[in-house]
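Open the model in your viewer and keep the selection tool ready. This tour tells you what to pick next and what you will find there.

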Amino acid sequence: YGDTTEMRRFRQLLVNSVIATDILDRDLKVHRDKGWKKAFRKSATMDATASEEMRDLKATLVIEHLVQAAEAAHTMQSFRTYLKWSEKLFGEMYQAHHAGRADKDPAESWYAGELAFFDKFVIPLATRLRDCGIFGGARTGEEYLRMAIENRRLWASNGQNILRDMVEGFSRKIVASQEDTIMFS
């Protein structure tokens, strides 16, 4: 930035980008949804006549959505990639539960939670990124949405079996770890 005004704008974008990573805050989601509707309604086109305030709002919202997409990028890639990172998160949460660091067993709600995550966050996010035109003429936005929908479909049809296998695998690791601890005590 070259002056105080640009510094304030940069700081605002940085703060908004960090706050955008909190995808579970309902108030922030409502606020973001209202802003998106205002900025990207049909009459709010991005052209030379658009107000500076509207351009700033659009830029801020697109940056926030790109940050969110980076956090959930695995859900918009191949099913194999989605499963790899989903299993890693599940494993961390499952092990934390069995070590007494988390009250809730993630296995109880993982299948339905993943479906809800796709329905309430990933697919709407991919749709917005496609529709806002951030990727220009590229089919990238369409591809992210297609992959998210396909991953949701595959999880819906295979997720319960995959979850069962994950639970069995992590349970074996926990038992083996406990046996190693006892043996070396």
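Select M76, F79, F90, W155 and M166. Within the largest nonpolar core, which has 27 residues, these five touch the most other members. A nonpolar core is a set of buried Ala, Val, Leu, Ile, Met, Phe, Trp, Tyr and Cys residues joined through side-chain atoms within 4.5 Å. Buried means under 20% relative accessible area, with a 1.4 Å probe and protein chains only.

Now colour by helix. Helices α4 (79-98), α5 and α6 (140-183) each give this core at least two residues. The largest share, ten residues, comes from α5. Helices here are DSSP runs (H or I, at least four residues), and strands are runs of E with at least two; both are numbered from the N terminus.

This is a predicted model: local features need pLDDT of at least 70, side-chain atom pairs count only at pLDDT 80 or more, and totals for chains, interfaces and linings use all residues. Residues are numbered from 1 along each chain as its sequence is written, and side-chain values use heavy atoms, leaving out hydrogens and water.

Click M166. Beyond its neighbours within four places in sequence, M166 is in contact with E87, F90 and W110. Contact means heavy atoms within 4.5 Å.

Next, show α3 (residues 52-71) and α5 (residues 110-132). What is the crossing angle of their axes? It is roughly 135°, and the axes come within 10 Å. Axes are lines fitted to C-alpha atoms, for helices over the stretch in contact, and angles run from 0 to 180 degrees between N-to-C directions. The two helices are therefore oblique to each other. Angles under 35 degrees count as roughly parallel, over 145 as roughly antiparallel, 65 to 115 as roughly perpendicular and the rest as oblique.

From α3 come V62, H65, L66, Q68 and A69; they meet F121, L125, R128, L129 and C132 in α5. Seven of the contact residues are nonpolar, two polar and one charged. Nonpolar covers Ala, Val, Leu, Ile, Met, Phe, Trp, Tyr, Cys and Pro; charged covers Asp, Glu, Lys and Arg; the others, Gly among them, are polar.

Move to L145 in α6. Is L145 buried or exposed? At 7% relative accessibility, L145 counts as buried. Leaving out neighbours within four places in sequence, L145 is in contact with I123, A126, T127 and R130.

Finally, zoom out. The chain has six helices and zero strands. Buried residues make up 32% of its 185 residues.

Terms used. Buried means under 20% relative accessible area, exposed over 50%, partly exposed in between (1.4 Å probe, protein chains only).
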